[in-house]
Amino acid sequence: MEGTIPSSFSELRSIEVLDLGGNNLEGTIPSSFSELKNIKVLKLRENNLEGTIPSSFSELKSIEYLDLGGNNLSGMLEFDMFLTFKSFTLLDLRSNNLTLLTKANSNGTLHQFESLNLGSCNLRKFPDFLRNQNKLLLLDLSHNNLEGLIPKWFYNVSIESLEFISLSDNFLVGFEQSPMVLPWSKLSSLDLGNNSLQGSLPIPPPSTRIYRVQRNFIREMSPLLICNQSSLEVLDLSYNNLSDMLPPCLGNFSSPLLVLQLRSNNFHGTIPKTWSKESGLKMIDLTENQLQGQVPRSMANCTMLEYLNVGNNQINDLFPFWLGTLSRLKVLVLRSNAFHGAITSPQTNYTFFELHIIDLSQNSFSRNLPAKYFLHWNAMKVVGANQLIYMVLHITSKDGPFDGTVLCTVTVTNKGINLKYDKTQYVFTVIDFSSNKFEGEIPEFLRTLKGLHLLNLSNNALTGYIPPTLGNLTNIKSMDLSKNKLFGEIPPQLTQLFSLEYFNVSNNCLTGPIPYGNQFDTFPNSSFGDNQSSESPFEFGWKVVAIGYGCRFVIGIVIGQIVIDIYIGAGESSATTLEWAMAELIRNPRVMAKAQAEVRQVLIGKKKLEGKDMQQLDFVKYDHRNFKITSSCSFTNKKSQGKM
């Protein structure tokens, strides 16, 4: 349904339930809705409605459930208006631009709410009417302007019924006389993330399934927070200042724990050595800590694991090939550690065939690239659909109405920059082996990974030619082969990679022309810079030579001679003119490539160019006019001088 809300709805005087949620409705909420005297449930959520909430809503005396969340409603709204409804129990105003006004002495005892979703309502303090609420199941005060301490009286709100509490995305700094164990006996989900909480963490009750305290300044954590939990499914303590050792019990959870997020803290010591065969973990994120030692082999017991990130630590180990038995593993990140040694050929059942992302960058892996692994990475062979499907872990409540998702986050070096992807698409496939000590040739087997989006082999010691079969990677968006020892020419087949947005082969030993056309016309000169050829830079005579000059190779003497013929009358020496020609060709790779192509065409079937062949080089003769003269001496024709 699109457009404005039809006024005819207000004529449905006897209707009790009206659900218009999840459409594309726009405009304002009709004030005539006050005519719906028998309405009990009104849902207008997730539309594009704007304006204020009509004051005539106070006449909806039979309303029990009002859902206006996820619109563009604005203005000031007196909460006391809802206290006049006799049976009103569920209110959702989240994700609007409302300013909810509450009075210090509101008589909240008249109504016992079951669900209050007041996220993004510009609240500056905890509403006083909450003191007397005893039947709440859900309370969402997220994305407000709450600041200071969580008041002591808040721990008595609906102490026997609350299942879901969210105070995330506020400015809270701590707890006023917090109990060691939070008192809500039926609590299922607690979200305190994105605040400024300091000190130590309170321990949630045993019923807690989801506990999020990410992006705060917490420094202390009791081992009991983890070790005594029997229902915990999601634990997110990432982006804090925790500096403890990881509790040994961490890997001994049975099936409930699904997500463990401890990234960006100061955890030290080793990763716990024992991980249970009953583990149901789908995500382990330990990146950006100070962990040392090795990756425990018992992690292979986590057969449900889809995401493992131990990057940016101090782990000193060989490649953990035994993780290849994890048939669901999609993301493996080992970047920025002290991993070392060769990656040998895979054994049976150690193939990582579901991998979408593997990041081994900034380690000390050596010897040849693991070519035979590429043959088994089936998920990278699939050309994904265009729709955005993100890597998420779904958490569905067993006992209540609350569902949740956990987005998979990765940081990869894309286009030469470290980029963080908070939403990782299922179709996003990455191989990043950069900044290691790999040597040997680029394997031909890479051609089979037609679903690959990002390939980074930069800053290694790779040799040999760039395989023309890389032109088979038709979905590639970023390819970085820079800072190696590659030689030969850039395969022209790569110009058919129409999805390619970033390409870098600088700092190698490449020779020959730079391909032009399609995406290659968009790449900057820096993509090809500093290729040092071992060939002699100059060879005189009419023989066509490829001159290694920085990262460009030009048909030097032929083009230079034409420029000399044109400018020799200007009084400059042929050496000066030739030097200028070379410099300008290097500065203009597109011109240089076209000139090379023309010379090669004329040279077909010949070993040398003769004087008469020069007349066929129309582009070379013409395009000298496009060169920008940057010499300190200006080249001018003598005839022009005579006219001055």
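Mentor: Start with burial: a residue is buried under 20% relative accessible area, exposed over 50%, and partly exposed in between (1.4 Å probe, protein chains only). The model is predicted, with local features needing pLDDT of at least 70, side-chain atom pairs pLDDT 80 or more, and totals for chains, interfaces and linings using all residues. Residues are numbered from 1 along each chain as its sequence is written, and side-chain values use heavy atoms, without hydrogens and water.

How many disulfides does the structure hold? One (a disulfide is a pair of cysteine sulfur atoms within 2.5 Å). The partners are Cys-227 and Cys-249, with 1.9 Å from S to S. The link between Cys-227 and Cys-249 is left-handed, at -80 degrees about the S-S bond. It ties together distant parts of the chain, 22 residues apart. Cys-227 sits in helix α1, residues 224-227. Cys-249 sits in the loop that runs between β19 (234-236) and β20 (259-261). Those labels follow DSSP runs numbered from the N terminus: helices are H or I with at least four residues, strands E with at least two.

Are the two partners buried or partly exposed? Cys-227 is partly exposed, because its relative accessibility is 34%. Cys-249 is buried, because its relative accessibility is 18%. Now look at two further cysteines. Cys-121 has a relative accessible area of 0%, so this residue is buried. Cys-509 has 31% relative accessibility, so this cysteine is partly exposed.

Next, follow the chain past β20. Ser-264 lies in the loop between β20 and β21 (268-270). Its phi is positive, about 55 degrees, although Ser-264 is not a glycine. Ser-264 is also buried, because its relative accessible area is 15%. Asn-312 belongs beside it in this account. Its phi is near 55 degrees, again a positive value in a residue other than glycine. Asn-312 is found in the loop between β24 (307-309) and β25 (331-333). With a relative accessible area of 30%, Asn-312 counts as partly exposed.

Now the sheets. Strands of a sheet pair through backbone hydrogen bonds, either parallel or antiparallel. Here two strands count as paired if DSSP finds at least two bridges between them. Strand β1 runs parallel to β3 (residues 24-27), and three bridges join the two. Gly-3 has Leu-25 in β3 as its bridge partner.

Another open sheet has four strands, in the order β26-β28-β34-β36. The pairing in this sheet is parallel. Which strands stand at its edges? They are β26 (340-342) and β36 (461-462), and each pairs on one side only. Strand β26 is joined to β28 (residues 364-368) by three bridges, and the two run parallel. Within that pairing, Ala-342 has Ser-366 in β28 as its bridge partner.

Back to your part, then. Keep the pair Cys-227 and Cys-249 in view: helix α1 holds one end, and the loop between β19 and β20 holds the other.
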